[in-house]
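The following note reviews a single protein chain for a reader who is new to structural description. Please keep the sequence and the model in view while going through the points.

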Amino acid sequence: MLFSKKTKPITLIIALLAVFLLTGCMPDNYTSEAADSMTKAHSDQVRAWFASNIPDAKITKLSAKDSGLDLVHFIGGYFELKGSEYPYAYDFDNDLMYTGRNYDKMLECAAEEIAAALALPVSRIRLDDPVVEADTLVENIPGDIEGTACIPLRGCIPENSTPEDFAKWVICDGNGDPVSDVRFKAYVDTIPAYDPAIFDVLKGIDKIDYVKAISIGTDDVYHVTYSRNKAESEHCYMQKLRDDLYAGYLYDSEETYDDDGALTGCTSEIDGQDPEPQFDFDPDGTLQLRIPDGMARPAVLTKGGKNYISVTGSSDTSVRKWSNGIRQENCSYLPGGPYDYYSIDCVFDSTGLMLYFYSSYMEEKGNYSIDL
């Protein structure tokens, strides 16, 4: 026994806090015996389902599922089929199975639905893996129901639907579908204007992200997130200073629209300021960069292999270490090129250089002394 009957309440509380601090998590609300009991009670149902529906499958893992701290009314695990392994989750209250055997096909169908609605080749769509969620009962002690929980069933779709039908439901229907957030990026040559009608076609989509290659030498919108009645835009104003150095800044703006798509408002992080970046070099090669005050974020394309720093010129005169926008390999969503794709959705004509930037949560004065 971990605690004797003489343990004082305050001692017990302190001991539990110590467990929490040492492990970094709260203890489960159920015992391993409860999980084993639930597994044994429903394992025959799982095996019977596979025998009737995917007889060639070999179950490799079978156990009760939890929602983090609570035991839930699902049995899950993995199975092998034709040399591949897939996840599964079985809702034993409703005799409903979710598996991953058609998940990739569903992703293909979902991307095709999106591409058709946006009049783009499917090769221009990068779809994040949507996660199916299911409401289920919580049972921490077998027979003792303690409410409900919503659990993610990653990499699975329901077996009572085809991948084509399920993809269409999730992307185009949006009426009670079990995927709460479908995110994707559409790579385009030119970002289209806001059109509220697209959300009436893609009813299951809350946000549409468009990305284009950045044009050097101009204030360019390279990434827009459209949602109903709103457009959130990311701008890049980058100038070429020499073959191995580009410099400028990033900033955001936002537009709002009425239900008919008419513009009703616009805000920008550089409102009322000259957008043109200013450059100068000290004799030692240090770059002096001037950009608009406020929340605009300085950025440079330059040689890699060094931790780039700058004196900000803000009120605290801090020295900042810049972040590295790492180049993404094997990206070919845009035709032509070649392009360099960076981890913050910046796409440039290929230079072989590294993208460095920093973001501040405070307003800056816009003067930067950059040690290259």
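1. In the hairpin of strand 3 and strand 4, 4 residues lie between the strands, and Asp-95 adopts a positive phi near 50 degrees. Strands here are DSSP runs of E with at least two residues, helices are runs of H or I with at least four residues, and both are numbered from the N terminus. The model is a predicted one, in which local features need pLDDT of at least 70 and side-chain atom pairs count only at pLDDT 80 or more, while totals for chains, interfaces and linings use all residues. Residues are numbered from 1 along each chain as its sequence is written, and side-chain values use heavy atoms, with hydrogens and water left out.

2. Strand 3 and strand 4 (residues 96–99) are antiparallel and share 4 bridges; two strands are said to pair if DSSP finds at least two bridges between them. Within this pairing, Asp-91 is opposite Leu-96 of strand 4. Strands of a sheet pair through backbone hydrogen bonds, in either a parallel or an antiparallel manner.

3. Strand 3 (residues 84–91) is also joined to strand 2 (residues 71–81), in the antiparallel sense, by 8 bridges. Glu-80 has Glu-85 of strand 3 as its bridge partner. This hairpin has 2 residues between its strands, and Lys-82 in the turn shows a positive phi of about 50 degrees.

4. A further open sheet consists of 3 strands in the order 21-22-23, paired in the antiparallel sense. Its edge strands are strand 21 (327–328) and strand 23 (347–349), each of which pairs on one side only. Strand 21 is connected to strand 22 (residues 339–342) by 2 bridges, and Arg-327 is placed opposite Tyr-342 of strand 22.

5. The structure contains 13 salt bridges, a salt bridge being a side-chain nitrogen of Lys or Arg within 4 Å of a carboxyl oxygen of Asp or Glu. One of them joins the side chains of Arg-183 and Asp-209 at 2.7 Å, N to O. Arg-183 lies in the loop between helix 4 and strand 9 (184–187) and Asp-209 in strand 10 (residues 207–211), so that distant parts of the chain, 26 residues apart, are linked. Asp-209 is buried because its relative accessibility is 2%, whereas Arg-183 is partly exposed at 25%; buried means under 20% relative accessible area, exposed over 50%, and partly exposed in between (1.4 Å probe, protein chains only).

6. Asp-252 and Arg-297 also meet through their side chains in a salt bridge, at 3.2 Å from N to O. This pair again links distant parts of the chain, with Asp-252 in strand 13 (residues 245–257) and Arg-297 in strand 17 (residues 297–302), 45 residues apart. Asp-252 is partly exposed at 27% relative accessible area, while Arg-297 is buried at 12%. Elsewhere, Arg-242, Asp-244 and Lys-303 are linked in a network of salt bridges.

7. Which residues form a nonpolar patch on the surface? They are Ile-309, Val-311 and Val-319, with about 230 Å² of accessible area together. Such patches are made of residues with over 30% relative accessible area and no salt bridge; nonpolar side chains (Val, Leu, Ile, Met, Phe, Trp, Tyr) are joined within 5 Å, and like charges within 9 Å. Accessible areas come from the Shrake-Rupley method with a 1.4 Å probe, and for residues only the protein chains shown count as cover. Val-319 belongs to strand 19 (residues 319–321) and is exposed, because its relative accessible area is 56%.
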